[in-house]
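Try each task before reading its solution.

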Amino acid sequence: MNVADEVKARLDIVDIVSETVSLRKSGRNYVGFCPFHPNTDTPAFVVFPETQTWHCFGACAEGGDLFSFVMKREGYSFKEALTALARQAGIELEERAAAEGQKEQYDRLLQINAEAAAYFHHLLTRSPAAEFARNYLARRGLTAETIATFQLGYALDAWEALRNHFGQRGYSPEELATAGLLVERDGGTPGYDRFRNRLMIPIRDSRGRVIGFGARALAEDQQPKYMNSPQTPVFDKSRVLFGMDLARKAIRQNDEVVIVEGYMDVIQAHQQGERNVVAQMGTSLTEPQLRLIAPLARRIVLALDADAAGNAAVIRSLSVARQSLPQESVPTPTSRGTIAYEGHIVQDIYIAALPAGKDPDDILREEPARWRQIINAAQSSLDYYESLILRQNDTTTPQGKSAVVRELMPVYRDIKDNIEKEARVQSLARRLGLDERLLLAELRGSYTQPSRPRSRRRKPAAPVVEPPAEVGGLAEKPDLGDHCLSLIIARPETLAAANELLIQHTHPEIRPEDFQPSEQREIFKVLQVWTALPAPTPENLLEMADPSLAGAIERLNSRRQKAPPPPPENLDKALGNAILRLRRRTVEERITELQHLQQDAEAAGDDDSVRIYIELARQQVILRDKIDKTLDALSLTGKRRTEERMFS
């Protein structure tokens, strides 16, 4: 039993959901109003104790297990939900540092940082020496509530104030230096306080733990104006976004994240009710930072300074985004009448144009309503990037024209809509005075080797591959979701091939929602990106995945190694059949659930709910019939019934 299974065994989904949703028992199940969409008339949210699952039969049409519920409710990643629920279940999980044999030091550094934040905050609010700092915050318009929320503090204008204070509390100078609070002397021995006469801003990880500090100078002659903690075993500024712990829920609710440059921008935004704002703490976004926000929001808005440095930061950020944000497989017709699957970034990236000489903090303090107008009017990153590249190159020269094409063509290839893609190329050709056929050929030249391998032609008589039926000589019913994931790991091109097959039969392509256990959903999200790599391997799959998924992926790898490889000519049927069967099983469960709900409503005399449940069940029956029709078209005689016995 892995950790996720153990958590499910110890916790009851009814208890977890009841923490935030008012449930009432209805027969064998529990119903309530959905917490994820407006729902005040008929309760559409149902919790099923027998299967330990939940489902919204209203506008959301979503469902899952207790992990997916907590992930959606709190805006957590799977790892964070696993950690939180494991703690609630009394299960000890190893921290990242523990895996490196450094848990004791890791915990000690977190403790030092937490106490340092409390120490600085106490000085800011109580010490006479912090009067200037308090006046500074008052001029910035920050309230006592905001100061407390962010636990802002003050570092005394003294060389050894912190060192002496923490020395009296039992912390060694070496520990304080490792935490980044002391500056080391040339010989490597701990020296004096790193932060002196500065406004202290605690930096927290996504779980709200203090891992470092930002510090703003308070004297005019102090340099640098802002400084951060150095890199430590618990702090790496390239892997954290300031304010993420407070912004996570708002980001998920709004499906939008606004990224700014400075700490004060974030603090002022939160005070003004703009809670989906985080800071990048550097000149450009990094891949780890983008991976923090990718699962939470589809719309990413960069609100950076409108100067040369800001433009350079935007270009670097967009470049990193193109390489690191998750991609989805989009079917694209080719000139040969086939379908090519191309990877396109899921997120929409926008650039908010800030007034010259103004930063977000200024706008939020002086004209709060204008901030939302600026964010809503943000320019698409492609429009911004086009105009920037054209301004930066002399398009009257052949070299300048070539530079523009080299910069913009890779970006155009990422456009999902083929009409927009060609329209932009035609417009660029006119602006550069080039033959559009030349640029269109350059654009299409990338399709000869798409990032996702194409499906191979299939021999109609090839048999459908069955999942392994025996392990260790004993008959064992394999999990159908695991079987689907194993097929993708065995042959990465299987995903694109199966998606093409499903679309040909008017079914949606494979989605994370096809998998009920949250662990399988998260693995599939990783596989979507992994299969788009030029050379996907089991090794780089493990590197891409969160460590919390490593055990499950290794188990799938083991299944892959024991199973006979699917015939290459039958890849689409192997996975396509399995996914359709997985969907059919889910539909059957929905029909059964709705029948139970209908019976409960009839017993309670609730005629309105009875009519709703009958209609929902009818829709599910139509979907089941459509799946059956496709399975019949794909399966050989008797094969489908054999598979049903294996996976029912």
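**Exercise 1.** Work out the strand order of the open sheet of 4 strands, and find which strands stand at its edges.

*Solution.* Step one: the order reads β6-β9-β10-β11, and the pairing is antiparallel. Strands here are DSSP runs (E, at least two residues; helices are H or I, at least four), numbered from the N terminus, and two strands pair if DSSP finds at least two bridges between them. Step two: β6 (153-155) and β11 (226-228) each have a single partner strand, so one side of each lacks a neighbour in the sheet. Step three: from one strand to the next, the twist averages 35°; axes are lines fitted to C-alpha atoms, for helices over the stretch in contact, with angles from 0 to 180 degrees between N-to-C directions.

A note on ground rules: this is a predicted model, where local features need pLDDT of at least 70, side-chain atom pairs count only at pLDDT 80 or more, and totals for chains, interfaces and linings use all residues. Residues are numbered from 1 along each chain as its sequence is written, and side-chain values use heavy atoms, leaving out hydrogens and water.

**Exercise 2.** Find how many bridges join β6 and β9, and which residue stands opposite Tyr154.

*Solution.* β6 pairs with β9 (residues 198-204) over 3 bridges, in the antiparallel sense. Opposite Tyr154 you'll find Leu199 in β9.
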